[in-house]
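Subject: A structure for you to explore

Hi there,

Here is the structure I promised to pass on to you. Have a look around it, and then read my notes below.

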Amino acid sequence: MQEARGSGTTGAAGIMAGYPDAADKGSMRRNNLGLVLRLLRESGEQSRTRIAAVAGLPKATVSVLVTELIQRGLAREGELDRAGAVGRPHRMVTLDGRWVCGVGAELGVDHITVLAVDLSGTVVHERRRGIDLPELSPQETLHEVAEMVRACLREIGARGMSAAGVTLVTQGEVDAGSGTVLVATNFGWRDVPAAAELRARLGPAAPPVLLANDAESGALAEYLRAAADDVRELVYVTGGIGVGGASLSGGKLLRGSEIGHMHVDRRERPCACGRTGCWETAVGLQAFLDAAADRTDRVHDRSVDLAQRLDELLARADRGEPRTLAALALIADDLALGLGILVDVLNPPRIVLGGYFAVFGRYLVDAVQRVLDERRIRPTAERVVVAASTLGLSNAAQGGAYLTLEGIFLDPTSAPERRVDAGA
Ligand SMILES: [Zn+2]
């Protein structure tokens, strides 16, 4: 289950919280620094003239802001600006921040993924470990997470980088404010103060620990990726043991929702939430595995990493193995059924499929797109475009890492002190 309700805002989650109003000169300067930094993230290398035009700020102001960002190590001079330059050519400005990173630690039913991304979005550390989470107590699980996060912090520290924070990404309904997992049905967790427990295990020198829901984190990672293509609105649907979703518009999380528990399946199979006929009983990972292979098949073996098991099934599909293909056709039908409802309610320009749906993108995307195209009421209505995530199974962990960096994009003066030995 990946219910994403009520976990949208945290202090550091600028993109989730929206941008603050300018209250005074100091905060206006911080806002403008953040505005320029976000422009560099979304649009890549820019000239000062172009930044001024897009941000609606005087060029002299932009020059001062860029100088400060460079001094703080968050931006650097790039290539010479040769377009339309009169007189002495200026250098373009590009996002830097290779010395500061965010850490995302994602808990799944059968794995822990810990990774770090730097300010420019490059993954600089990634480890994945298989676990059987329902067999462990929350404390045992968080002990494992802490071990992996400590190893990550040691490694990035040894490379001269600082961590702005750690986001623990879990399934279920989370209260980001108190860092509590309220209920995660597939974990068997209820009211677990996970952020505080992880923080305690990391020790006093550790950076702040946030908590986020995996569908929302995945949506954030997809949004930041799509923003480069000028897509400002999307719905993200992720398939795992649970099915979660969240929608983002203009950089703001509109809502995460319990879409996995929409009642769409007439077979009325029992769901872990206690009801029957939920969407995830039809399109969740377990439904797919059950349709594709007998329980004795190795693709059901949770001691084997999920990525490997999915690769095995993808290979079978690519060989034309009939049962796997039939299972995928079944999933595509039920996926389109639920997505059709989301399109009717939210009318998004783009739907991004994550989790195992993305692994089987070439078998699911076209089939789902066809159904959604056919059921448009008006042929002239804007067409929703379905795409598979290209960020891989770790996109929720990546989103968690980005969340810890959002505070810097909102207020660049909040970045940790740059270490003198940091690589430039
Ligand atoms: Zn349910």
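Strand 3 (residues 100–107) is largely enclosed by the rest of the structure, because 8 of its 8 residues are buried. Here, buried means under 20% relative accessible area, with exposed over 50% and partly exposed in between (1.4 Å probe, protein chains only). Helices (H or I, at least four residues) and strands (E, at least two) are DSSP runs, numbered from the N terminus.

Before going on, please keep in mind that this is a predicted model: local features need pLDDT of at least 70, side-chain atom pairs count only at pLDDT 80 or more, and totals for chains, interfaces and linings use all residues. Residues are numbered from 1 along each chain as its sequence is written, and side-chain values use heavy atoms, with hydrogens and water left out.

Back to the strand. In a regular strand the side chains alternate between the two faces of the sheet. Which residues of strand 3 lie on each side? V100, G102, G104 and E106 are on one side, C101, V103, A105 and L107 are on the other, and all of them are buried.

Strand 3 has two partners to look at; two strands pair if DSSP finds at least two bridges between them. With strand 6 (residues 162–170), strand 3 runs parallel, joined by 7 bridges. A105 has L168 as its bridge partner in strand 6. With strand 4 (residues 111–118), strand 3 runs antiparallel, and 7 bridges join them. V103 has its bridge partner, A116, in strand 4. Strands 3 and 4 are also joined by a hairpin, through 3 residues.

**The whole chain**

The protein chain contains 14 helices and 15 strands. Of its 424 residues, 55% are buried. Contact means heavy atoms within 4.5 Å. Among contacts in the chain with a separation of 6 or more, 63% come from residues 24 or more positions apart.

How confident is the predictor? Each residue has a pLDDT, the predictor's confidence from 0 to 100. The mean pLDDT of the chain is 86, and 89% of the residues reach 70 or more. Over residues 1–20, though, the pLDDT is below 50, and this stretch has 78 contacts in the model beyond near neighbours in sequence. Where pLDDT is low, the predicted coordinates should not be read in detail.

**Nonpolar cores**

A nonpolar core is a set of buried Ala, Val, Leu, Ile, Met, Phe, Trp, Tyr and Cys residues joined through side-chain atoms within 4.5 Å. The largest has 46 residues, and L37, I51, L74, L119 and I408 have the most contacts inside it. Apart from it lies another core, of 40 residues, including W279, A282, V299 and L372.

What does I408 touch, not counting residues up to four places away in sequence? The residues are L37, L74, V100, L119, A164, S414, A415 and P416.

Have a look at Q46 too, in the loop between helix 2 (25–43) and helix 3 (48–55). Q46 counts as buried because its relative accessibility is 7%. Leaving out residues up to four places away in sequence, Q46 touches L40, I51, M92 and V93.

**Aromatic rings**

Rings of Phe, Tyr and Trp (its six-membered ring) pair if their centres lie within 6.5 Å; planes under 30 degrees apart count as stacked, over 60 as edge-to-face and the rest as tilted. A search of the whole structure finds 5 aromatic pairs. F187 and W189 are edge-to-face, because their ring centres are 5.4 Å apart and their planes are at 75°. F187 is buried at 4% relative accessibility, and W189 is buried at 2%.

F288 and F360 form another edge-to-face pair, 5.0 Å centre to centre with 65° between the planes. This pair links distant parts of the chain, 72 residues apart: F288 is in helix 9 (residues 285–292), and F360 is in the loop between helix 12 (356–359) and helix 13 (361–374). Both F288 and F360 are buried, and together with Y356 and F357 they form one aromatic cluster.

Enjoy exploring, and write back with any questions!

Best wishes
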